[in-house]
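Hello,

Here is the model I promised to pass on to you. Please open it first, and then read my notes below.

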Amino acid sequence: MSRTRGGAGDLQGVIDFVEDRVPFEPGYYNEAYLGRRIAARMQRRDAEDHAEYRAILEDDDEEREALLDALTINVTGFFRDPDMWADLRPVLRELSEENGRGGVDVWSAPCADGREPYSLSMLAADDDEVNERHLRITAVDISEEALDAARAGMYETTRTTDIGDELSPLSDPEAYVEQQEDVFRVRESVRSRVTFEPYDLIRDGPKADMDLVFCRNLLIYIDSEYKGRLFETLRESIRPGGYLVLGKTETVPPDMRESFEPVAKRSRIYQYTG
Ligand SMILES: C[S@@+](CC[C@H](N)C(=O)[O-])C[C@H]1O[C@@H](n2cnc3c(N)ncnc32)[C@H](O)[C@@H]1O
């Protein structure tokens with residue numbers, strides 16, 4: 001990692017500890033993000049300063065687990081940012097028509113617990129003008145735990161997450177999920193279009209000839225040193241004429257703007273012009 005290693009008494013000391021002793025690569029992420037997550041754990045443990053928190057980490061396996069959990073950015077949802085999904089329909093229709101015979105290749109990178117790629121699979125089935133059988137979705141994430149949850153395809157309504165509400169953009173949610181009380185199981189017909197695989201988007205390089213790539217809500221956390229490399233990976237993965245979708249607060253870096261034409265600017269949908 002590029003940051004200089006600090007003493008035990010400051011934030012950098014905690015970050016160094018994480019790098020050495022927790023299965024997480026802090027060097028990928030920006031310091032503001034790491035600082036916020038560490039500060040939240042310090043508050044939970046009533047640690048007065050970074051040195052005290054580091055001492056807790058040294059002694060306490062459970063705190064190391066809790067910190068790993070806090071550092072893993074796993075927030076996601078079905079149809080997160082519904083306006084984007086509405087703007088995506090015409091793109092999907094076009095791809096389905098244009099690439100109908102060969103298939104439409106989609107990369108959901110990163111996919112977290114699977115709700116993003118399953119949303120796409122459901123949307124394709126829900127839209128009369130899209131042939132969902134053309135869709136092949138490869139969904140990747142660095143977190144094995146997230147991928148296990150994704151493969152299981154079971155989601156629960158809790159105090160903070162209303163799965164029924166998340167599925168409301170669909171005309172007939174029951175066609176795609178089986179509900180038992182608060183638990184929603186994604187049906188096999190939806191799951192069969194998605195393949196999950198472990199992938200480090202910074203280290204593992206590009207895919208090829210993707211028609212549509214989602215890279216939402218990862219770039220915001222990534223340190224500027226790695227952002228360019230990650231964006232290169234995305235660019236090389238998309239065929240000319242294919243599409244890229246970023247998260248709501250993410251943008252194409254200035255030196256690549258010429259190759260990405262906004263299709264729906266607010267929704268962060270771009271066409272790669274090659
Ligand atoms: C906030 S979620 C985004 C999920 C989904 N795209 C969305 O917008 O709802 C970020 C995901 O990035 C994954 N992640 C973090 N670093 C990664 C890396 N280097 N390569 C692949 N995935 C990574 C995390 O495990 C997490 O599941």
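Which strands does helix α10 lie across, and at about what angle does α10 run to β8? Helix α10 (residues 224–237) lies across β1, β7 (210–215), β8 (238–246), β9 and β10 (269–272), and its direction is at about 135° to β8. Contact here means heavy atoms within 4.5 Å. Axes are lines fitted to C-alpha atoms, for helices over the stretch in contact, and angles run from 0 to 180 degrees between N-to-C directions. Helices (H or I, at least four residues) and strands (E, at least two) are DSSP runs, numbered from the N terminus.

Before going further, a word on the source. This is a predicted model, in which local features need pLDDT of at least 70 and side-chain atom pairs count only at pLDDT 80 or more, while totals for chains, interfaces and linings use all residues. Residues are numbered from 1 along each chain as its sequence is written, and side-chain values use heavy atoms, with hydrogens and water left out.

Now the sheets. Seven strands make up an open sheet with mixed pairing, in the order β6-β2-β1-β7-β8-β10-β9; two strands pair if DSSP finds at least two bridges between them. At its edges are β6 (194–198) and β9 (260–264), each of which pairs on one side only. From one strand to the next the twist averages 25°. Strand β2 (residues 135–141) and β6 run parallel and are joined by five bridges; Val-140 has Glu-197 of β6 as its bridge partner.

There is also an open sheet of three strands, ordered β3-β5-β4 and paired antiparallel. Its edge strands, β3 (154–156) and β4 (177–180), each pair on one side only. Neighbouring strands of this sheet are turned by 25° against each other on average, direction ignored. Three bridges link β3 with β5 (residues 183–186) in antiparallel fashion, and Glu-156 has Val-183 in β5 as its bridge partner.

On to a helix pair. The axes of α1 (residues 11–21) and α2 (residues 31–44) come within 11 Å and cross at roughly 90°. The two helices are therefore roughly perpendicular to each other (65 to 115 degrees; under 35 counts as roughly parallel, over 145 as roughly antiparallel and the rest as oblique). On the α1 side the contact is made by Leu-11, Gln-12, Val-14 and Ile-15, and on the α2 side by Glu-31, Leu-34, Gly-35 and Ile-38. These residues divide into five nonpolar, two polar and one charged (Ala, Val, Leu, Ile, Met, Phe, Trp, Tyr, Cys and Pro count as nonpolar, Asp, Glu, Lys and Arg as charged, and the others, Gly among them, as polar).

Then the ligand. It is surrounded by 18 residues, the closest being Tyr-29, Thr-76, Pro-110, Asp-141 and Asn-217 (each with a heavy atom within 4 Å). An N or O atom in the side chain of Asp-141 is 2.6 Å from a ligand oxygen atom, and one in the side chain of Arg-80 is 2.9 Å from a ligand oxygen atom. A ligand nitrogen atom lies 3.0 Å from a backbone N or O atom of Arg-216. Polar contacts of this kind are pairs of N or O atoms within 3.5 Å.

Pro-110 has another feature to look at: the peptide bond from Ala-109 to Pro-110 is cis, with omega near 10°. Pro-110 is in the loop between β1 (104–108) and α6 (115–126).

Best wishes

How values were computed
Polar contact = N/O pair within 3.5 Å; in protein donor to acceptor, adjacent residues only side chain to side chain.
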